[in-house]
Amino acid sequence: MELPKQYVDNMSKLLSGDEFSQYMASFNANKYSGLRVNTLKLSCEEFEKICPFPIKRIPWIENGYYYDEEYKPAKHPYYFAGLYYIQEPSAMTPANRLPINSGDKVLDMCAAPGGKTTELAAKLNGTGVLYTNDISNTRAKALLKNVELMGISNAYVLSEDPKKLVNYFENYFDKILVDAPCSGEGMFRKDSNLIKEWENNGPDYYAAIQKELILYAYDMLKPGGYIMFSTCTFSPLENEETILHLMNNREGVTLCDISPYEGFSNGLMGLSKCVRIWPHKMEGEGHFLALIKKENDEAIVNYRTNKKDKAPKLNDEVLKFFKLLNFEIPLDELIIIDDMLLWLPKEGINEAKLRKLRSGLLLGTLDNKRFEPSQALAMYLKKDMFKNTIDFLADDPMVIKYLKGETLEVLADTANGWNLVCVDGFSLGFAKLNNGTLKNKYYKGWRWQ
């Protein structure tokens with residue numbers, strides 16, 4: 001791998017002689033592949049019992065595992081059931097170390113494709129509200145897919161300029177994650193194409209963006225709240241200098257200790273509470289983290305919540321479908337937007353002026369008197385939450401046929417009509433059964449290729 005001379009020179013100044021040699025040698029070592037268990041769906045102990053390929057615990061991430069590259073976790077039905085998210089091990093750290101409490105209002109400011117968002121949602125465990133945002137509409141669509149695949153119900157998926165968000169959420173969030181756009185120096189070994197991008201837009205370019213983002217985040221943070229700032233780069237210009245910029249431009253900024261691990265290194269420039277993850281010291285590609293608390297208690301906290309209108313009028317098909325659910329959906333938390341029936345989070349603000357890809361959980365679409373339940377709802381449901389289910393074993397050829405969108409002929413001990421299709425007890429999607437013929441309703445855009 002040919003690295004830019006300027007980059008090598010920068011790293012030689014950043015690391016001592018022996019450390020620099022070890023760092024450069026890491027480019028010839030194997031990269032590490034990881035996945036993170038989606039604890040909204042199952043526990044780590046349950047996953048370990050059913051995982052179909054060898055895994056090894058990532059020692060500083062409770063629900064993280066290494067796997068060998070020869071295996072393809074994204075080509076297993078469990079991936080389509082949302083049981084895990086494939087993520088580089090170092091990149092699991094920011095969401096893991098941000099202290100999330102039940103009921104928190106949380107923002108993931110630069111969220112796509114969703115690796116950190118999905119862990120924040122798992123830590124909320126259906127409580128509070130999660131706003132997950134990416135300024136790129138294309139990237140936000142990938143974010144939306146992962147939110148739905150993981151079965152997340154209490155999220156707003158936005159595609160907005162963070163500067164605009166400040167107008168609606170000043171002093172609002174309990175916790176904010178800013179995994180900032182960066183020059184990606186920690187990803188060179190994983191993706192050599194990033195080297196060319198670094199040459200076109202290096203640390204100077206991204207540092208300017210980060211200094212704006214961290215101020216926006218701080219202004220949206222409630223007094224007493226926490227920001228986790230992170231990057232996958234090594235340049236102090238994009239890391240420590242961004243933190244110093246915040247400290248020099250806002251009151252009450254306090255750096256906090258991050259739950260330690262033996263391989264973590266301290267931040268530079270006197271910011272010893274920041275954490276640096278180096279690929280020559282740990283089994284990961286590298287990351288930078290800073291946990292920031294807003295100590296200023298003089299600000300007026302924004303307590304706005306959704307104004308609850310009366311429950312929308314639902315047609316007979318919706319009410320008939322709801323009878324198949326083994327739980328009650330509070331009707332006053334539903335809203336109809338265009339042809340979409342949405343279940344809004346109890347917390348949060350469904351701000352009409354923001355560009356949203358999704359508000360809460362999409363239950364389904366309405367067409368005159370018809371109702372089509374959504375793929376998102378299927379992924380939210382557990383097997384015991386729906387009356388009619390068809391459950392395949394993971395090695396049953398029917399599973400792949402279903403994921404490819406094929407019509408199936410089945411022998412099923414269940415009623416005709418809407419059925420929740422599962423694999424080993426975990427939901428995959430909906431289908432309509434009619435006397436042994438299973439009409440496939442698996443979402444076309446997600447089908448097995």
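Mentor: Before we start, a salt bridge here is a side-chain nitrogen of Lys or Arg within 4 Å of a carboxyl oxygen of Asp or Glu. Keep in mind that this is a predicted model, where local features need pLDDT of at least 70, side-chain atom pairs count only at pLDDT 80 or more, and totals for chains, interfaces and linings use all residues. Residues are numbered from 1 along each chain as its sequence is written, and side-chain values use heavy atoms, with hydrogens and water left out.

Trainee: OK, how many salt bridges does the structure hold?

Mentor: It holds 21 salt bridges.

Trainee: Which residue does Glu240 form a salt bridge with?

Mentor: With Arg276; their closest N and O atoms are 2.9 Å apart. Glu240 sits in helix α11 (residues 240–249) and Arg276 in strand β12, 36 residues apart, so the pair links distant parts of the chain. Helices (H or I, at least four residues) and strands (E, at least two) are DSSP runs, numbered from the N terminus.

Trainee: Is Glu240 buried or exposed?

Mentor: Buried, with a relative accessible area of 0%. Arg276 is buried as well, at 1%. The cut-offs are under 20% relative accessible area for buried, over 50% for exposed, and partly exposed in between (1.4 Å probe, protein chains only).

Trainee: Switching to helix α1, where are Lys5 and Asp9 in terms of helical turns?

Mentor: About one helical turn separates them, because they are four residues apart in α1. Lys5 is exposed at 63% relative accessibility, while Asp9 is partly exposed at 26%.
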